[in-house]
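Subject: Structure handover

Hello,

Here is the structure we talked about. Please open it next to this email and follow along.

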Amino acid sequence: MQSPLTDAQRASLADAIDRLMSVDVPGRGFVADAYAEARRLAGGPLVRQAGDALLARLEARRGAVVLIATGATAQRPGLPDHIGEMDGPPGALALARTLGLAFGALPVLVTDPRQGTMLSGAAASLGLYTFSHADLRLQASRMPHVSAIAVVEMPDDDAAAREQSERLVASLDPVALIAIEKAGRNEKGVFHNSYKDDTSAGKARLEPLFDLCAARGVLTIGIGDGGNELGMGSIRDFILGRFEHMRSCNCPCGGSIVAEQKADVLLVATVSNWGAYGLTAYLAAVAGKPYAAHSPERERQLLRGCATAGYVHVDGFRTSAADGLPEDIHAAFVALLGCMTFWPPLQFGRMGILADMLAK
Ligand SMILES: [Zn+2]
């Protein structure tokens, strides 16, 4: 693949995306320090580390399977375990669309038990079908791009999850596993949300899949915003040292709320969806396919589609919002990213054509 960007331009684009996705807009108090530590480990912008590693694998094999794990249980009293939460699935679906459209990759989404129908319903808001993996592969062999995803539910039972993970890896031969806002267990084997409650019930066990992928040299990427997600194990000691309130949970396990699972690349963002959108923008720009990036209008459709499909916002309503921020804020974030996919957009702005180039 011939990138329109020089190496220096890739570096400056990645740095700009990283800065944007790690601004603590909601004032949660986690991202600034956790991002800095992840970047220190990576030695540079996180979207570049994740994006370049992913690109190398996608370029080596057209029609490659990328596993994308997402889905959180809402855990609101009275709501059943299978009701999902709004951060994570939008990022996973936007990334899946870009991977299929720009690279002909086969996105296989892995989610919690009984959340598959909800995720498939949300996918329709981006025009994506849910196919079997065999049909995805057939489409990739005959068409220039893939417009569908496959959805797999991972059991909440350790032994069953291990068996399912072995089958998935053996049959799909994935090149990457990307977890977006996907909870991981702590050092006691218990899952927690950011309110420090035990949220293990109904939660997909993804650690066996991570371990299998890591053992086979499959790229693993963890995207998170709170410390309890898969991948945060990479900066676990830092988090425990810096954030005292995360050292102890509210459940009888007596552990911390920080996930143990490490990833090859940890992408820390203000909102996990933003990390996924940032990665999507970087991939589209470097591939010279800015049209394959996300757009503000699609973001509105996607958030509304997720709410309609049944995902619940942190306020308890099925509203077009994520992590406490309303739709307009997410659309504005995606608009800034979209502008940056024409890196450096100033060249087009000076010509007077940038406004016409930006996807609405
Ligand atoms: Zn606990």
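Below are notes on the metal site, the sheet and some salt bridges.

This is a predicted model, in which local features need pLDDT of at least 70, side-chain atom pairs count only at pLDDT 80 or more, and totals for chains, interfaces and linings use all residues. Residues are numbered from 1 along each chain as its sequence is written, and side-chain values use heavy atoms, with hydrogens and water left out.

**Zinc site**

Which residues hold the zinc ion as protein donors? They are His192 (NE2), Cys249 (SG), Cys251 (SG) and Cys253 (SG), at 2.1 to 2.3 Å from the ion. (Donors are N, O and S atoms within 2.8 Å of the metal, or 3.2 Å for Na, K and Ca; water is not among the atoms, so sites may look incomplete.) The four donor atoms subtend angles of 104 to 117 degrees, so the arrangement is tetrahedral. (Four donors count as tetrahedral if all angles lie between 85 and 135 degrees.) His192 and Cys253 sit 61 residues apart, in two loops. His192 is buried, at 1% relative accessible area. (Buried means under 20%, exposed over 50%, partly exposed in between, with a 1.4 Å probe and protein chains only.)

**Sheet**

Seven strands form an open, parallel sheet in the order S3-S4-S2-S1-S5-S6-S7. (Strands are DSSP runs of E, at least two residues; helices are runs of H or I, at least four; both are numbered from the N terminus.) S3 and S7 stand at the edges with a single partner strand each, so one side of each has no neighbour in the sheet. Five bridges join S1 (residues 65-70) to S2 (residues 106-111). (Two strands pair if DSSP finds at least two bridges between them.) Val65 has Leu106 as its bridge partner in S2.

**Salt bridges**

The structure holds 18 of them. (A salt bridge is a side-chain nitrogen of Lys or Arg within 4 Å of a carboxyl oxygen of Asp or Glu.) Here are some to look up:

- Asp15 and Arg19: the closest N and O atoms are 2.8 Å apart. Both lie in helix H1, four residues apart, about one helical turn. Asp15 is buried; Arg19 is exposed.
- Asp33 and Arg242: the closest N and O atoms are 2.4 Å apart. This pair links helix H2 to helix H9, 209 residues apart.
- Arg304 and Glu327: 2.7 Å, N to O. Arg304 is in helix H11 and Glu327 in helix H12, so the pair ties together parts 23 residues apart in sequence. Glu327 is buried, at 9%.

Best wishes

Terms used
Four donors count as tetrahedral if all angles lie between 85 and 135 degrees; four count as square planar and six as octahedral if opposite donors are over 155 degrees apart and all others between 65 and 115; anything else is irregular.
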